[in-house]
Amino acid sequence: MRLIMFDMDGTLIDSGFAITNTINYVRVNLGFEELEKSYILEKVNDPNINSSEFFYGTKEFTAEQTRLFEEYYNKHCLSDLVVYDGISKLIDDLKNDFTLAVATNANSQYAHKMLNHVELGHHFKTILGYDSVSKPKPHPEMVHKILDIHQISNLNAQLIGDSHKDIMAATKAGVDSVLVNWGFSNHEKDAIETVSELEKRIQAKFK
């Protein structure tokens, strides 16, 4: 049994417009100014910041912030949603030889909705979001949970993501990982640039 876990946003699909527009919707309703898309996406993936404090000025997400976010995101999460070039073919190449799963810090309900919309959802045996665990990435709980669900050793698994949060979660769980550079972050080192490179890394891990 071999397992490939994918992050979703910035790895499988480009959902940048929906994420940035939703955060700005919440900010405007709270009396803050809008932020640039590239700046929001850079900070969303930064493991060194507290997202609620950075974007909304509170130590933790409040009920109002959550309500506003979900109110907008539920209506617009499918807007301008695009699968990254080469990903559909990669998933098709892997589906018969690997168990495929998604580990995302998005809400799992939205993750199912978005992946089904782009016709990828049925390929994944498990899709876990932040609401599926007590501590999302970079904590390893989500990775451990997927391993346990499928009863697969960490040595027979790999996690693919565009954020250092993904890599940190995998490392803490003893799982091999690959950092990709076509997502929301602009990594200066240790990240691969193309899906063809990713497929080679997967083959090298499991040859």
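How close do the axes of helix α4 and helix α6 come, and at what angle do they cross?

## Basis of the model

The structure is a predicted model, in which local features need pLDDT of at least 70 and side-chain atom pairs count only at pLDDT 80 or more, while totals for chains, interfaces and linings use all residues. Residues are numbered from 1 along each chain as its sequence is written, and side-chain values use heavy atoms, with hydrogens and water left out.

## Packing of α4 and α6

The axes of α4 (residues 63-76) and α6 (residues 108-117) come within 11 Å and cross at roughly 15°. Axes are lines fitted to C-alpha atoms, for helices over the stretch in contact, with angles from 0 to 180 degrees between N-to-C directions; helices are DSSP runs of H or I of at least four residues, and strands are runs of E of at least two, numbered from the N terminus. The two helices are therefore roughly parallel to each other, a term for angles under 35 degrees.

α4 passes α6 in a left-handed crossing, meaning that the near helix is turned anticlockwise from the far one by less than a right angle. Glu70, Tyr73 and Asn74 of α4 and Tyr110, Lys113 and Met114 of α6 make the contact (heavy atoms within 4.5 Å).

## Two buried residues

Serine 108 is placed in helix α6 and counts as buried at 12% relative accessibility (under 20% relative accessible area, with a 1.4 Å probe and protein chains only). Beyond residues up to four places away in sequence, serine 108 touches Ile127, Leu128, Gly129, Asp131 and Ser132.

Histidine 187, in the loop between β7 (176-179) and α9 (195-206), is buried with a relative accessible area of 11%. Its contacts outside four places in sequence include Asp162, Ser163 and His164. The C-alpha atoms of histidine 187 and serine 163 are separated by 8.8 Å, although these residues are 24 residues apart along the chain.

## Backbone features in loops

Most residues other than glycine have a negative phi, and most peptide bonds are trans. The peptide bond from lysine 137 to proline 138 is cis, with omega near 20°. Proline 138 lies in the loop between β5 (126-128) and α7 (141-150).

Aspartate 80, in the loop between α4 and β3 (82-83), has a positive phi near 55° and counts as exposed at 53% relative accessibility (over 50%). Glutamine 151, in the loop between α7 and β6 (157-161), has a positive phi of about 50° and is exposed, with a relative accessible area of 73%.

Key
Angles under 35 degrees count as roughly parallel, over 145 as roughly antiparallel, 65 to 115 as roughly perpendicular and the rest as oblique.
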